[in-house]
Amino acid sequence: MLWKTSLIHHFNSGLPKIGSRATKCWPISRPASIKQLARHWSNVPFLTVPPRRTPGKPFAHRSELKQAKRIVVKLGSAVVTRGDECGLALGRLASIVEQVSILQNQGREMMIVTSGAVAFGKQRLRHEILLSQSVRQALHSGQNQLKDMTVPVLEARACAAAGQSGLMALYEAMFTQYSICAAQILVTNLDFHDEQKRRNLSSTLHELLRMNIVPIINTNDAVVPPPEPNSDLQGVISIKDNDSLAARLAVEMRADMLIVLSDVEGLFDSPPGLDDAKLIDTFYPGDQQSITFGTKSRVGLGGMEAKVKAALWALQGGTSVVIASGTHPKVTGHVINDIVEGKKIGTFFSEVKPAGPTIEQQAEMARTDGRVMASLQPDQRADIIHRLADLLTDHRDEILKANEKDMEKAVTLGRLSQPLLKRLSLTTAKLNSLAIGLHQIAASTQDSVGRLIRRTRVAKGLDLEQITVPIGVLLVIFESRPDCLPQVSALAIASGNGLLLKGGKEATLSNHILHHLTQEALSMHGVKDAVHLVSTREEVEDLCRLNKLIDLIIPRGSSQLVRDIQKASKGIPVLGHSEGICHVYVDSDANIEKAIKIVRDSKCDYPAACNAMETLLIHRDLLRTPFFDQIIDMLRVEQVKIHAGPKFASYLTFSPSEVKSLRTEYGDLECCIEVVDNVQDAIGHIHKYSSSHTDAIITENEETAEYFMQHVDSACVFWNASTRFSDGYRFGLGAEVGISTSRIHARGPVGLEGLLTTKWLLRGEGQTVSDFAEQGSMSYIHENIPVPQRT
């Protein structure tokens, strides 16, 4: 077993100690003072790392990977080497070193098992041979023969011997950029069969970890013997390749986690190149029979079969394992950190099978039963929704009892604000309103799926139709509001969409019983699995990555939730509003009674709602009038904190606190007041600072009102009405899945129509495009055919 004692001695001599743990390595010529160390650590992203857990039991769920302290990262040959196999992939390697350094600086203990010496040596030897041949041939041959030079096949052991020192020097140079020391250890299979050598190896590694040094381990390919037969007996895995080396090392060192980086995304149920190959998110011991392995990697000794064998061996030894891609250009820069954070990257090996279906299985079931539901007659879908409305009434006491327990827990924990507690609360009145809304949705199913929108006679005997169809599988993420679950479920049923629901933990019991009643209603026509409540440990960010299973994400909650989901979504469209900055403009021709009533309702009825007023625009002529004073007095009585806009503040000697930003969504009893010169000025302000959600004008001048309504470019524009009317139920849609401020697909309160898309149906008699060519026998008609009205 070889390692660089001179390197260890060099760093030991310059290691200042704090307590029993060595700090990062600093250059010997500049010893690190306490102040220098403080500055150094202040620049490192810090996450609290828990103390070492009891070894011997791997993590059961991905979310627990954050607790991993001792981590082995195995870099496969395909990760470390370039595509031509003659040199290192320096960009990828630098990114990996950076990620390992970040984790090391967080207080974790990192070890690297690396390949690459053979490829690095191969590159160096090829250059030497070509250089030697070119000089020799230049002396004895013509110039044309230089093109015919061939490089002999290079022996792997020689390549390893030539490349090992260069590989390590590269690692040392990269880790030095992060004030981290690295040490090299070379091993062979014999080192693990000799008890004394094993103890020596373990002792060396523990000492390096104690001193905050990153061990870089590789098989000594310059002298490595062939693998011994039957060497996997008695629980000792053979060191045949770096996969088995990493597993053996992880178990030997009682590592919490082993990350195996390869050139594939993870473990697939069949070779990744096949069209129907599916990535396995979580793999359990005993599932090997369901896997069809393909060929080995383009470089290296191990293939996926070797990786799985090594991973299961490490799992049995108490180390959690994740196999992921270290070459994918979109993830290589953060793959290691994402895995440690518990994100859905690669394949996670676990001994604990979930009690229910995985999120992927739930999505597939929702799509399958959603398609069946879309093929039902409108009356059948209406029956399901009517049944759900009746179940809400019949089981009112059970629902309220479950909700009461959720409320008690939320109050005890004290994590929810009063507005969120109000959203969480269910009452008899809420359930009654909910049932009424569901009956309204049921009535709308007659004019939903399969509705004929357009008919065109393209040519004689060639008729084209456009009809409405479901979008597919919807993912609706909602906070606090359990009444959202039956509302959204009814809209999905009416529109024939499969549905995944992700509710907040604060409403667990309420959501559970409401989902149970929803599935009971769906069962009457055999489509129980069309609606699923996601109750697994998946994070919202992981759900947003399932672009092959989910067609549309609809967030219902705070503007921060919507922004987070829009940022996290990977290829899945998000329907929602990022903010609800709503304006009310009080014109010079406004009626005082209407103005006070509308402003109070817009701001004070439910200040946490996205359709609550955030900015009050006042016509300049109303300043210093009794009209203006009454509005201010009303807001003060309602305990609304007022912020002054820049123009409003300039009119006052003593003004409220000047607003920091005119693009603020307060979500509370706060608002901004600003002065405008006229209706055009009000429209300009709204276009500059509004979120295009809902904006209103209060005036008795019809011409001014119409001008405002035609020119304000928001999803909802009102005249002499509260902004709080921006709601699916109040619009008569029965309910809404959310309010959209986007300009594509759906806008404003999104009801049944917003959950439908279209498809084209063309019926012909054997026509081809060539029939309509210049010399063809047919010509286009493009005649519009009247669409019959549905009763």
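Entry 1. I am working from a predicted model, and the count of salt bridges in it comes to 33.

Entry 2. I looked up R455 and found that R455 forms a salt bridge with E465, with the closest N and O atoms 3.7 Å apart. R455 belongs to strand β12 (residues 452–459) and E465 to strand β13 (residues 462–470), so this pair ties together parts that are ten residues apart in sequence. I then checked accessibility: R455 counts as partly exposed at 23% relative accessibility, whereas E465, at 16%, counts as buried, because the cut-off for buried is under 20%.

Entry 3. Next I turned to E579, whose side chain meets that of R563 in a salt bridge at 3.6 Å, N to O. Since E579 lies in the loop between α20 (559–568) and β18 (582–586) while R563 lies in helix α20, the pair ties together parts that are 16 residues apart in sequence. I noted E579 as partly exposed, with a relative accessible area of 24%, and R563 as partly exposed at 31% relative accessibility.

Entry 4. For K603 I found a salt bridge with E614, the closest N and O atoms being 3.1 Å apart. This pair links distant parts of the chain, with K603 in helix α21 (residues 592–604) and E614 in strand β19 (residues 613–619), eleven residues apart. I recorded K603 as buried at 0% relative accessibility, and E614 as buried, also at 0%.

Terms used:
Residues are numbered from 1 along each chain as its sequence is written. This is a predicted model: local features need pLDDT of at least 70, side-chain atom pairs count only at pLDDT 80 or more; totals for chains, interfaces and linings use all residues. Side-chain values use heavy atoms; hydrogens and water are left out. A salt bridge is a side-chain nitrogen of Lys or Arg within 4 Å of a carboxyl oxygen of Asp or Glu. Helices (H or I, at least four residues) and strands (E, at least two) are DSSP runs, numbered from the N terminus. Buried means under 20% relative accessible area, exposed over 50%, partly exposed in between (1.4 Å probe, protein chains only).
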